[in-house]
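Me: I would like to go through this model step by step, beginning with the ligand and ending with the sheet.

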Amino acid sequence: MPNNKVSPKHPRATSLRIREKLVQGFETGVTSSFGLFAHGRGEAFDYLIGERTTNNAKHAINAAAACLLLGQNPVLSVNGNVAALVPDDLIKLANASRAKLEINLYHRSKDREEAIARVLKEAGAEEIYGLDSDYHETIPEIHSERRIVDSRGLFAADVAFVPLEDGDRTEGLVRLGKRVITVDLNPLSRTAQKANITIVDNVVRAMPLLIKAVEKLQDEPYEKLKIILDNFDNQYNLAEAISLINDRLSALAKNHGVLDSGAEKK
Ligand code: PTJ
């Protein structure tokens, strides 16, 4: 267990607290060692976007909320990173959007599945898919353990929420005709590029906003949700996310790398 309490005065307290959660997740068998590397990659991109939720991400969050509400069988995929970082929010999102929760691991092991199931149950989950091998189905054209999904969960889903996902599985789910929503700080990743809706933000910031957006749109008619979804263009939104990084870095470079420039306020 990490025992260094992060001082609230530390200039990078928020980022350090997120790290602590992952290290704790690693030490309790929830997060894989690869998950720590993945987090490092995410942190680097979070620096580039300015560690805040951009309007670009908010636009994708709104579309994701509409998409989840339009789904007949939405499923939230849970891996070791999101279980360590946002367990309570996963339950809240599942409840607000009537979605199932499926534990679906890239580095699959029975021990980690059980550790994650414990975390989700402590957070209030009642039913968790992905654990019973009697219901294992495979995503075609993926030739590793990553192809396994639950026949009642992701396999049957029309909307799949797969935060911090690997590119092969994202492509596989899109090939199966699912509407795929992801949260990924790296707008260049294969998952970000191949998903139908990509929220370029830290999952820790995006989840509460996504829950709020679902709650706000919950009682809206089908037509309104459909318009929100149809008006969302992921390729355009990703291009804008990349431009935002570009503009921010250019402004910072002009300001001799000083962070509290106008670029920060964008
Ligand atoms: O628990 P498992 O075995 O299912 O494994 C989970 C990981 C995340 C290790 C696995 O799915 C994996 O290796 O994913 P990738 O291919 O590394 O993709 C993870 C993506 O998430 C990368 O593009 C990271 O930049 C991004 N990322 C990391 N941390 C965050 C993030 N995006 C949003 N919020 C974060 N906190």
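Me: How far does a backbone N or O atom of Leu185 lie from a nitrogen atom of the ligand?
Reply: This is a predicted model, and the distance is computed from its atoms. A pair of N or O atoms within 3.5 Å is counted as a polar contact, and for the backbone atom of Leu185 and the ligand nitrogen the distance is 3.1 Å.

Me: How much of the area that the ligand exposes when taken alone does the protein bury?
Reply: Taken alone, the ligand exposes 740 Å². The space that the ligand takes is the largest pocket, and of the exposed area the protein buries 94%.

Me: Which helix gives the largest share of the shell around the ligand?
Reply: The ligand is surrounded by 24 residues, with Arg41 and Asp184 among the closest. Helix H2 (33-49) and helix H4 (80-85) each supply at least two residues of this shell, but the largest share, six residues, comes from H2.

Me: Which strands stand at the edges of the open sheet?
Reply: The open sheet has six strands in the order E3-E2-E1-E6-E7-E8, with parallel pairing. An edge strand has a single partner strand, so one side of it is left without a neighbour in the sheet, and this holds for strand E3 (128-129) and strand E8 (197-199).

Me: Which residue in E6 stands opposite Val75?
Reply: Strand E1 (residues 74-78) pairs with strand E6 (residues 159-161) in the parallel sense, over three bridges. Opposite Val75, the residue that stands in E6 is Ala160.

Conventions. Residues are numbered from 1 along each chain as its sequence is written. This is a predicted model: local features need pLDDT of at least 70, side-chain atom pairs count only at pLDDT 80 or more; totals for chains, interfaces and linings use all residues. Side-chain values use heavy atoms; hydrogens and water are left out. A residue is near a molecule or strand if one of its heavy atoms lies within 4 Å of it. A polar contact is a pair of N or O atoms within 3.5 Å; within protein, one must be able to donate a hydrogen and the other to accept it, and residues adjacent in sequence count only if both atoms are side-chain atoms. Accessible areas come from the Shrake-Rupley method with a 1.4 Å probe; for residues, only the protein chains shown count as cover. On a 1 Å grid over the protein atoms alone, a cavity is a set of points where a 1.4 Å probe fits but cannot get out, and a pocket is an open set with protein on both sides within 12 Å along at least five of seven lines; lining residues have an atom within 4 Å of a point. A molecule sits in a cavity or pocket if more than half of its atoms lie within 2 Å of its grid points. Helices (H or I, at least four residues) and strands (E, at least two) are DSSP runs, numbered from the N terminus. Two strands pair if DSSP finds at least two bridges between them.
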